[in-house]
Each structure stands twice: as structure tokens, then as C-alpha cells.
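User: Could you walk me through a few of the labels used for this protein? I'd like to hear what stands behind each one.

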Amino acid sequence: MKKKLFYRTTMTAAGILVAISAFCVSAAPVNEEKAKAIALDNAGVNEENVVFLYAEQDVDDGRLIYEVELITKANEEYDYEILMDTGEILGISYEKKAYSVWGDNTSKDITVEKAQELALNHAGVVADKAIWIKQKKDFDDGKLIYELEFYTNDFQEYEYDIDGTNGEVIAWEFDADSAYARQDAARRLEQAEGSTGKKNEEKGLFRLADVKATVLKQADAEDKQVTWGRVHRTFDDGKLVYEGKFYVNSLEYEFKIDAATGTVVDWDVESIWD
């Protein structure tokens, strides 16, 4: 993989992702030794099978964390970010540093469809819940590698390197709340809906024309009286909203509208002369 990121997930000894609800493993502040124990437990690795284990304190988005790195005797590297207050695992990156070499010439490479299936199974994601971003065939030292990337409807993003010869997971990464996935989902919805029209019943989202009608009614104004500022879709506390502003005479209106329900969730009016 071209980048190394910290992601919010975990893996059992068999290498299968487990439920994200299991990440919050402690309700009390943790120390360095507890952080190491949390990492070992989630990796499914016994300490006697570890050749390197290190933890240090750091700050992430204003939160105190432990960064824990461990390398196993099988030459697998895990990097963890663990929240110091609760012991919650904020992110994991996994990479298999040594993997099998080419077999005999009679072996048959797996297809990209099979690689996708293996990645989805490993992530525990149903096929129809995955939005694919990347499906690339590449070669690393003459070895066929499938580079795959997808996200789910709740913006969990996954990246995989799959051995094209035997289907082995060489590396994986996971982001439980991907900003890129949110942006891509909004872009896809924008393309699917267009910029005018009525509510999209299939997606359950209001379009721009409905939003403008809602705020005009709230302001008791007509469109011909209004000078529009920018109106766009964005995310606020995990919800898709329309955010924008407009002007009527000497008043400036700013608003946020829930894109799913059309409800006004934020409304502010002030005089532009103040």
C-alpha cells in the first residue's frame, strides 16, 4: 500500500475483523502496560510470540493516546492507537512483512472478483453494502497483488492488499469514519440527483429546490426578494445537511437543513448593518 494510516478495527488470531463494538475495552484510564495488553489481546498474539513491543504517549486531535507497535515472530507488524482515558482502540494498521513466494508454474492466479470476495469476507462486509473505490492489479517484485479499496454506507473505509496467487491478505487498513468516504458519497448523490427537482424518494433526500422552498417559508419571503449565497451539502455530527445563506433586504440568513427529513436544524438571522 502507498500510505500507512491508523484505522479503527481489530483482528483475531485467525486474522478476521471483529465487531467494532468490542473496541471499547476499558472504562478506566490505562497505563503503558495496559495499553500493550490491549494491543496484544486484539491482535490475538501471545507475548511469547512477540519479538518487539513498544508503547509511547502521544496526542491525537487533542486526546491523549498510546501508540503501540508490536512485531511477531511471524514477521507481522501491528500499529495501534489507543485512547488513554478509556482504552478504546482508535486505529490499527497491519502488514505482513514476509509472505510466500511464487509457487510452481502450474498454479493459477485468483481473479479480481475472488480477491474482492476475500477482502469482503475478511472485513465482515456484505457485498451489496460495499461501494468500491479501487480495484487494481499490480506487481511487487514479480508477484501479483490486488490493491482493493471500498467503503460502506456508514462511511467505514477499507483497504486491502491481496496476494493474487494464493489469496493471502498481505496488508489491510480500516477507517471507521472516513472523511474521504463521506465526500465521495456526497459527490455520488449529487451526481445521481442533479441540482433541481423534488425530493428523491429512493434516496430519501431533499433536493436543492426543496431546501430553498423550506427556508423561504421559514423567512416568510419570496424567491424574487432573495439574494442567494452558497448552498451546499455537508456533514454535521455525522448527519448529511444542507448548509447555506441568503439575504433579504438588510438581513442575512444562515441555515442548516437535515437532508433526510427537511427539518431546519440551525437558523440564524442578523442585520448586515450591525
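Analyst: Here are some labels and the cut-offs behind them. This is a predicted model, where local features need pLDDT of at least 70, side-chain atom pairs count only at pLDDT 80 or more, and totals for chains, interfaces and linings use all residues. Residues are numbered from 1 along each chain as its sequence is written, and side-chain values use heavy atoms, with hydrogens and water left out.

User: Why is Asp268 called partly exposed?

Analyst: Its relative accessible area is 36%. Buried means under 20%, exposed over 50%, and partly exposed in between (1.4 Å probe, protein chains only), so Asp268 counts as partly exposed.

User: And why is Asn249 called exposed?

Analyst: Asn249 has a relative accessible area of 71%, so it lands in the exposed class. This residue is in the loop between β10 (239-248) and β11 (251-258); strands are DSSP runs of E, at least two residues, numbered from the N terminus.

User: Which class does Asn75 fall into?

Analyst: Partly exposed, because its relative accessible area is 31%. Asn75 sits in the loop between β2 (63-72) and β3 (76-83).

User: What makes the phi of Asn75 worth a remark?

Analyst: It is positive, near 65°, in a residue other than glycine. Asn249 also isn't a glycine, and has a positive phi of about 55°.

User: What makes Glu254, Asp266, Asp268 and Glu270 a negative patch?

Analyst: Asp and Glu count as negative, and these four gather on the surface. Patch residues have over 30% relative accessible area and no salt bridge (a Lys or Arg side-chain nitrogen within 4 Å of an Asp or Glu carboxyl oxygen), with like charges joined within 9 Å.

User: Which strand gives the most to the negative patch?

Analyst: Strand β12 (residues 264-271), with 3 residues. Asp268 is found in β12.

Notes
Patch = residues over 30% accessible without salt bridge, like charges linked within 9 Å, V, L, I, M, F, W, Y side chains within 5 Å. Areas by Shrake-Rupley, 256 points an atom, 1.4 Å probe, with all protein chains shown as cover. Charge placed at Lys NZ, Arg CZ, Asp CG, Glu CD. Helix = DSSP H or I, 4+ residues; strand = E, 2+ residues; numbered from the N terminus.
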